[in-house]
Protein chains: 2
Amino acid sequence: MLIGIDFGGTNIKYALVTEAGDARALKSTPTLAEQGPDRVIQRLTDCVGELQAEAKSIGETIRGIGLGVAGPLDFASGVVSEAPNLPGWRNIPLRDRLSAAVGLPVQVDNDANVAVYGEWWRGAGQNSNNMVGMTLGTGVGGGIIINRQLYRGSLGMAGEIGHVSLDPNGPQCGCGGKGCLEAYASATAMVRRTRSLMESGKSTLLTEYVAGDLNRLTAKLIHDACKQQDRLAVQVMGEMAFYLGIGVVNLIHLFNPDVITLSGGMAQAGEDLFAPLRRVVEERAFQRPYQHTRIVQATLVDRAGVIGAARLALD
Amino acid sequence: MLIGIDFGGTNIKYALVTEAGDARALKSTPTLAEQGPDRVIQRLTDCVGELQAEAKSIGETIRGIGLGVAGPLDFASGVVSEAPNLPGWRNIPLRDRLSAAVGLPVQVDNDANVAVYGEWWRGAGQNSNNMVGMTLGTGVGGGIIINRQLYRGSLGMAGEIGHVSLDPNGPQCGCGGKGCLEAYASATAMVRRTRSLMESGKSTLLTEYVAGDLNRLTAKLIHDACKQQDRLAVQVMGEMAFYLGIGVVNLIHLFNPDVITLSGGMAQAGEDLFAPLRRVVEERAFQRPYQHTRIVQATLVDRAGVIGAARLALD
């Protein structure tokens with residue numbers, strides 16, 4: 001048995017995972033990140049203890065622990081250099097501290113890589129050799145599988161798919177760049193774009209959905225309005241699918257992958273997103289690699305992180 | 001000893017290459033592609049025969065042959081599917097035909113991959129783990145080294161760096177897409193852009209250089225004018241460096257490589273190109289991976305192809 005932990009700014013998800021990649025009951029506990037690294041590492045230690053006891057009760061032993069963390073880290077040393085969503089986390093040797101506390105080998109990587117690794121191992125990327133995964137959330141994260149292995153780049157900073165620029169004069173991105181995929185295809189960007197159209201006076205069902213309070217606008221509501229064929233929502237979804245499509249074309253031309261997966265809240269829009277997206281890709285990409293590439297919704301949803309983390313431990 | 005062959009639409013370059021990657025005297029003969037596949041394969045066979053005799057005269061034997069070809073091919077089977085610059089080449093089993101003719105193992109790959117492989121082995125990419133190479137010529141070609149191996153993608157069509165779109169509403173590219181790097185940073189694009197500025201009446205030294213005949217405009221002349229601080233030429237070089245810089249930022253964010261090399265005629269512009277390019281990258285890329293990445297001119301020039309081809313044979 002392995003332990004997989006998906007350690008985010010809001011929740012810690014954790015599970016026993018078999019060596020075949022099956023996650024047993026997925027557990028979750030609040031991170032309470034505001035309490036700082038020491039208390040949070042204690043909480044991670046408790047999660048491991050709970051799963052160790054559970055494993056023992058069914059006559060299994062734990063071979064290793066894998067952990068995905070929401071923040072940039074040095075993969076080789078397992079040190080979290082700086083995590084914007086985890087107050088006080090600067091140069092914290094997470095891997096070694098957790099390993100010392102629980103007496104088991106620990107592997108850590110960033111959460112985007114780990115989620116894509118899980119999706120490759122047991123989700124929509126199964127049996128592919130080369131895969132690119134994107135997570136459309138508050139931001140746009142990504143991970144790359146090359147020859148059946150996670151590709152991390154020379155410093156562990158590869159796969160920043162959200163920060164591929166699609167228009168150097170496009171909208172400002174939070175990273176300092178312009179026209180990054182994240183500035184078009186994140187939930188944040190979609191809400192911002194919708195809001196600006198609403199403020200310019202376009203009529204939409206969304207005005208009613210948010211009861212006149214634009215602060216209540218969410219990507220989920222935009223998708224709901226899209227399902228009702230609301231003109232403004234359909235326009236915003238179409239724009240987002242267009243830029244996402246250009247981003248996918250670029251990935252096909254660079255990686256010639258077997259599969260590209262989309263996950264995260266926005267990917268739940270299903271064919272409302274995938275149909276216009278595939279039209280853009282079909283029109284713009286080289287035909288042979290396009291026809292080879294499956295462009296699909298990720299299937300593991302909230303289990304991708306713990307399964308991918310467990311895979312780190314297996315490696 | 002190995003044999004490396006760089007088989008282009010205009011010339012066949014060929015050389016004996018040691019197993020350490022040193023090319024002995026580089027030879028060249030016209031391809032005479034218009035004579036069709038049979039005659040050209042005979043010519044390749046003659047080149048091999050000449051090098052075999054040369055090896056024998058110095059008491060060496062040939063272990064294998066590698067060949068880079070200017071056209072898309074199926075790497076696994078060694079079949080050239082279709083080569084725009086080689087009339088009559090459709091589904092020609094180049095690898096097997098040459099191997100049968102000379103009685104030695106042959107490996108083939110496309111010329112862009114092979115040139116980058118050579119540059120990684122013995123040129124500016126030496127000792128790097130992860131590298132991206134770009135060739136700025138009539139078009140923009142590329143190749144990717146991941147974990148010290150050429151990355152070909154699932155169908156052998158990865159690394160199409162020239163067809164990463166930098167602006168989905170940008171200038172039409174020959175591939176059918178819009179705003180591809182090739183539509184900004186190829187010699188063809190640079191000449192087209194300069195010509196259009198000249199036709200709109202801008203004054204420039206280039207009018208004198210081409211003696212009033214815009215058909216005589218070349219990237220080399222534009223660079224010459226740039227060295228004379230010609231305002232229009234400097235503008236065009238700056239625009240090209242800008243888009244190339246955005247392309248480089250995207251590669252850094254995706255691959256987090258050790259090195260990015262530029263080769264081909266335009267890269268000869270040296271600091272006239274690299275200085276403005278690095279300014280763009282510095283401004284837009286994530287600082288840690290940017291600072292890690294060497295962005296340099298390729299060093300092997302016309303030997304990269306034969307050396308990289310020989311490396312295929314060594315693998």
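Visitor: Before we look at the interface, what counts as a salt bridge here?

Guide: A salt bridge is a side-chain nitrogen of Lys or Arg within 4 Å of a carboxyl oxygen of Asp or Glu. This is a predicted model, in which local features need pLDDT of at least 70 and side-chain atom pairs count only at pLDDT 80 or more, while totals for chains, interfaces and linings use all residues. Residues are numbered from 1 along each chain as its sequence is written, chains are lettered from A and ligands numbered from 1 in the order in which they are written, and side-chain values use heavy atoms, with hydrogens and water left out.

Visitor: Okay, how many salt bridges cross between chain B and chain A?

Guide: Across the interface of chain B and chain A the rule finds zero salt bridges, although there are 26 residue pairs in polar contact, both residues at pLDDT 80 or more. A polar contact is a pair of N or O atoms within 3.5 Å; within protein, one must be able to donate a hydrogen and the other to accept it, and residues adjacent in sequence count only if both atoms are side-chain atoms.

Visitor: And which element gives the largest share of chain B's side?

Guide: That is α8(B), with eight residues; helices here are DSSP runs of H or I with at least four residues, and strands are runs of E with at least two, numbered from the N terminus.

Visitor: How much area do the two chains bury?

Guide: Chain B and chain A bury about 3600 Å² between them, 57% of it on carbon and sulfur atoms, where buried area is the accessible area (1.4 Å probe) that two parts lose on being put together, summed over both. In chain B, the residues that lose the most area to chain A are B:Tyr151, B:Pro168 and B:Leu254, together 18% of what that side buries.

Visitor: Switching to chain A, what is the strand order in the open sheet?

Guide: The five strands run β3-β2-β1-β4-β8 with mixed pairing, two strands being paired if DSSP finds at least two bridges between them. The edge strands are β3 (27-30) and β8 (106-110), each of which pairs on one side only.

Visitor: How do β2 and β3 of chain A pair?

Guide: Strand β2 (residues 11-17) of chain A pairs with β3(A) in the antiparallel sense over four bridges, and A:Ile12 stands opposite A:Thr29 in β3(A).

Visitor: Which residue forms a salt bridge with A:Lys27?

Guide: The partner is A:Glu50, with the closest N and O atoms 3.6 Å apart. Because A:Lys27 lies in strand β3 of chain A and A:Glu50 in helix α1 of chain A, the pair ties together parts that are 23 residues apart in sequence.
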